[in-house]
Amino acid sequence: MMHKDKWRFLLYLWFAIGLTFWLTTLSTAQEVTSPDSVTIAGTIQSVLGCPGDWQPECPITQLTYDEADDLWAASFELSAGSYEYKAALNGSWDLNYGANAEQNGPNIPLVLEEDTTVSFFYSTHTNWITDSVNSIIANVPGSYQSEIGCPDDWQPDCLRSWLQDPDGDGIYTFTTSALNAGGYEAKVAVNQSWSENYGADGARDGANITFTVPEDGTATEFTWDANSKIMTITVGGVNTSQLTGDLFTAKAHWVTEDTLLWNIGRIPGAVYELHYAPEGGLSLTEDSIMGSSSIMVTYDRNGMTDAIRAKFPHLKDFFALRISEEDLALVPDILKGQFALSATDNQGNLINATSLQFPGVLDDLYTYDGPLGVTFEEDIPTLRVWAPTAHSVTLHLFEDSDPNTASTIHDMTYDEGTGVWSVTGEAGWNNQFYLYEVEVYVPSTGLVENNIVTDPYSFSLSMNSTRSQIVDLADESLMPQGWLSVQKPVLEAPEDIVIYELHLRDFSIRDETVPEADRGTFRAFTHPDSNGMKHLQALADAGLTHIHLLPVFDIATINEDRAAHI
């Protein structure tokens, strides 16, 4: 028994020692990624006020952790001269990084021809320490940045998308696996502003570069050549810049139910396919479009008919592709999702791919000239919205405009012939508020989404257009006094018009002869003795015939809550 107890004791001792070593290693790793301090230690220190140089404990040259950028950074005013430095962590030399992000690496030289403000940056993820003189401070702002922790998208000042070049070869990279599936755009910005930026093909101020992430968490690497200014984007190991085509730039046109127009140049023997995904999520690889079903479309030398050419004269040089008659029944459902067109050669190699513009086919299939928005039959309202690409549309009805008021939900009926969704309500709906919940494919995300929106055919909306309102314009209670009996002056000829353009708010907002509650509103025009109305009367006496008021519709950037106005 004592022999077994001895070995049991040694086993426990070995386990305890191993556990202690593991915890110590883990603690050290955490210190590496989350240091207490990062000091620029080197020959700049005595110049900046430290007691001497190469002092990792001197707080004067410590960097500050910027949580927004997830970097350590600081700027210092340095006089002209030659310097050296490296990054010391936690106030000692136990853990330090020099050139090429090497632990205990060589000193980094810094040569200044004149007095300069130098910014230093250190990343705990890569251990790269650099400055704004030796390196270009570049990053990749784009439509994805909010997903990696930036306050918003398209922010050149957010260095969470910092392009790094630890080995100093002029090739800068940034990698993330934090993106959700979808389509995005990006470009390169220098010095945290848009003053110097590079887009497609390395062009300064060039077009945004598009890319697709096929699945949540797919590794996405941005690589920028500082010499050519060209950025390439690799998603899941596939270099998207080498792909043929672009699923986010619609270069083809779907003009009638069975006719597509494209202008890539005819290639004998090419095979053309219309790809579709009901829920979205298409992605382009080097040799195909993934995540889709497809139907064949065929080249039709006579497909550009006189009628099509007359309606789309700007597309007269495109060639036509035809959907077969047996596949036409699929078209309405295809239009409700994501779709794209591809061309492959007779060896199966992808030649080109594109998404499509499709107003033409919608007009062809869903011509409608009936009422939209809210209409009344006696006291009963019917709500209609034209949304032929929607998977579903649901009405959310609110008793009032209070944001805290819950909605009652009503299904809407779809008319396959017109593309119109409708619901008929009750007399009690009059003057209530509503929103539509629309399930529809959204190109900016590449997926089918549920959007809560106001009615594009609204006659009335709540404050700041947060909800549409059901109103009957034939209701006399909504009409100003004398509305039905007013007689407009006779206009003998349009050329007799003399127009005065007038800003609705500015007309009265500072006019103290208008009651304070009416200033800046339509009601200001109901006070004939106000200074503004007297001025308009003087202009009318001088020959003014018409006033053009603006703006009379909602502007999204203007808060309509008068209590919030300064």
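This section describes a strand sheet, aromatic and charge–ring contacts, and a nonpolar surface patch in a predicted model.

Four strands, in the order S11-S16-S17-S18, form an open sheet with antiparallel pairing. Strand S11 (171–176) and strand S18 (238–239) stand at its edges, and because each has a single partner strand, one side of each is left without a neighbour in the sheet. Within this arrangement, strand S16 (residues 220–225) and strand S17 (residues 231–235) run antiparallel and are joined by five bridges, and Thr223 has Thr232 in S17 as its bridge partner.

Across the whole structure, 23 aromatic pairs are found. The ring centres of Tyr65 and Trp72 lie 5.5 Å apart with the planes at 50°, so this pair is tilted; Tyr65 is partly exposed, at a relative accessible area of 37%, whereas Trp72, at 10%, is buried. For Tyr184 and Phe211, the centres are 5.5 Å apart and the planes are at 25°, so the pair is stacked. This pair links distant parts of the chain, 27 residues apart, with Tyr184 in strand S12 (residues 182–186) and Phe211 in strand S15 (residues 209–213). Both Tyr184 and Phe211 are buried, and they belong to one aromatic cluster together with Tyr144, Phe174 and Phe222.

Charged side chains also sit over aromatic rings: the charged end of Lys336 is placed over the ring of Tyr414, 4.5 Å from its centre, and that of Arg467 over the ring of Phe398, 3.6 Å from its centre.

On the surface, Leu491, Ile497 and Ile499 form a nonpolar patch with about 260 Å² of accessible area together. Leu491 lies in the loop between strand S37 (468–469) and strand S38 (499–503), and counts as partly exposed because its relative accessibility is 43%.

How values were computed:
Residues numbered from 1 in each chain as written. Predicted model: local features only at pLDDT ≥ 70, side-chain atom pairs only at ≥ 80, totals over all residues. Heavy atoms only, no water. Pairing = 2+ DSSP bridges. Helix = DSSP H or I, 4+ residues; strand = E, 2+ residues; numbered from the N terminus. Patch = residues over 30% accessible without salt bridge, like charges linked within 9 Å, V, L, I, M, F, W, Y side chains within 5 Å. Areas by Shrake-Rupley, 256 points an atom, 1.4 Å probe, with all protein chains shown as cover. Salt bridge = Lys/Arg side-chain N within 4 Å of Asp/Glu carboxyl O. Buried < 20%, exposed > 50% of the residue type's maximum accessible area, 1.4 Å probe, protein only. Phe/Tyr/Trp six-rings, centres within 6.5 Å; stacked < 30°, edge-to-face > 60°. Lys NZ or Arg CZ within 6 Å of the ring centre and 35° of its normal.
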